[in-house]
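Student: Could you take me through this model feature by feature, giving the general idea before each case?

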Amino acid sequence: MARVIPKPGASATIARALGTLGHDGAAALLGALNGAPGPHERRVYIDALVACRDCDETILEALSNERVELVRDAAEVVGRKRMVPAVPLLAHLLRHAKVDVRTTAWHALEMIGTPEALRALRK
């Protein structure tokens with residue numbers, strides 16, 4: 001069901017329905033994001049994860065995934081959701097080997113904007 005979301009004519013209702021399923025919905029969206037063929041599809045899945053309710057724990061787990069692209073996209077999601085519990089993980093990602101992960105983690109910390117997040121940027 002998650003993979004249908006970015007197709008033309010697909011209803012946003014599917015994304016909303018997955019967003020109400022908590023962990024299972026987040027897992028489905030992250031799985032689809034992990035296999036997204038292009039930037040349009042990635043953007044749709046990221047937007048759906050940002051709107052997802054009760055998905056935060058699953059999204060936080062994705063920050064530790066071995067797939068670099070998924071970590072980068074999860075960092076964008078936590079920044080847009082302003083997920084304060086992600087700050088220590090994002091601070092760690094500032095030392096990631098890939099520049100796009102570091103950059104996305106930096107932007108996420110800026111979006112979260114708490115004193116702890118801003119301190120992580122100064123280290």
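Student: Is Asp54 buried or exposed, and what is its relative accessible area?

Tutor: In this predicted model, Asp54 has a relative accessible area of 69%, and because the cut-off for exposed is over 50%, Asp54 counts as exposed. The place of this residue is in the loop between α3 and α4.

Student: What is the phi of Asp54?

Tutor: As a general idea, most residues other than glycine have a negative phi. Asp54, which is not a glycine, has a positive phi, near 55 degrees. Arg82 is not a glycine either, and its phi is also positive, at about 55 degrees; Arg82 lies in the loop between α5 and α6.

Student: How should I read the packing of two helices, and at what angle do α2 and α3 pack?

Tutor: Two packed helices are described by the angle between their axes and by the distance between those axes. Helix α2, residues 23-34, and helix α3, residues 39-51, pack at about 160 degrees with their axes 9 Å apart. An angle over 145 degrees counts as roughly antiparallel, and α2 and α3 are therefore roughly antiparallel to each other. Their crossing is left-handed. On the α2 side the contact is made by Ala26, Leu29, Leu30, Ala32 and Leu33, and on the α3 side by Arg42, Tyr45, Ile46, Ala48 and Leu49. By class, this contact has 9 nonpolar residues, no polar ones and 1 charged residue.

Student: How are α3 and α5 oriented to each other, and which residues meet?

Tutor: The axes of α3 and α5 are 9 Å apart, and the angle is about 40 degrees, so the two helices are oblique to each other. This crossing is right-handed. Arg42, Arg43, Ile46, Asp47, Leu49 and Val50 of α3 meet Arg72, Asp73, Glu76, Val77 and Arg80 of α5, and by class these residues divide into 4 nonpolar, no polar and 7 charged.

Student: How many residues does the largest nonpolar core have, and which have the most contacts inside it?

Tutor: In soluble globular proteins, nonpolar side chains tend to be buried together. Here the largest nonpolar core has 38 residues, and those with the most contacts inside it are Leu49, Leu63, Val78, Leu90 and Leu109. At least two residues of this core come from each of α2, α3, α4, α5, α6, α7 and α8, while α5 gives the most, with 7 residues.

Student: Which residues is Leu90 in contact with, leaving aside its neighbours within four places in sequence?

Tutor: With those neighbours left aside, Leu90 is in contact with Leu63, Ala75, Val78, Ala105, Ala108, Leu109 and Ile112.

How values were computed: Residues numbered from 1 in each chain as written. Predicted model: local features only at pLDDT ≥ 70, side-chain atom pairs only at ≥ 80, totals over all residues. Heavy atoms only, no water. Axes fitted to C-alpha atoms, helices over the stretch in contact; angles between N-to-C directions. Helix = DSSP H or I, 4+ residues; strand = E, 2+ residues; numbered from the N terminus. Parallel < 35°, antiparallel > 145°, perpendicular 65-115°, else oblique. Left-handed = near helix turned anticlockwise from the far one by under 90°. Contact = heavy atoms within 4.5 Å. Nonpolar A, V, L, I, M, F, W, Y, C, P; charged D, E, K, R; others polar. Core = buried A, V, L, I, M, F, W, Y, C linked by side-chain atoms within 4.5 Å. Buried < 20%, exposed > 50% of the residue type's maximum accessible area, 1.4 Å probe, protein only.
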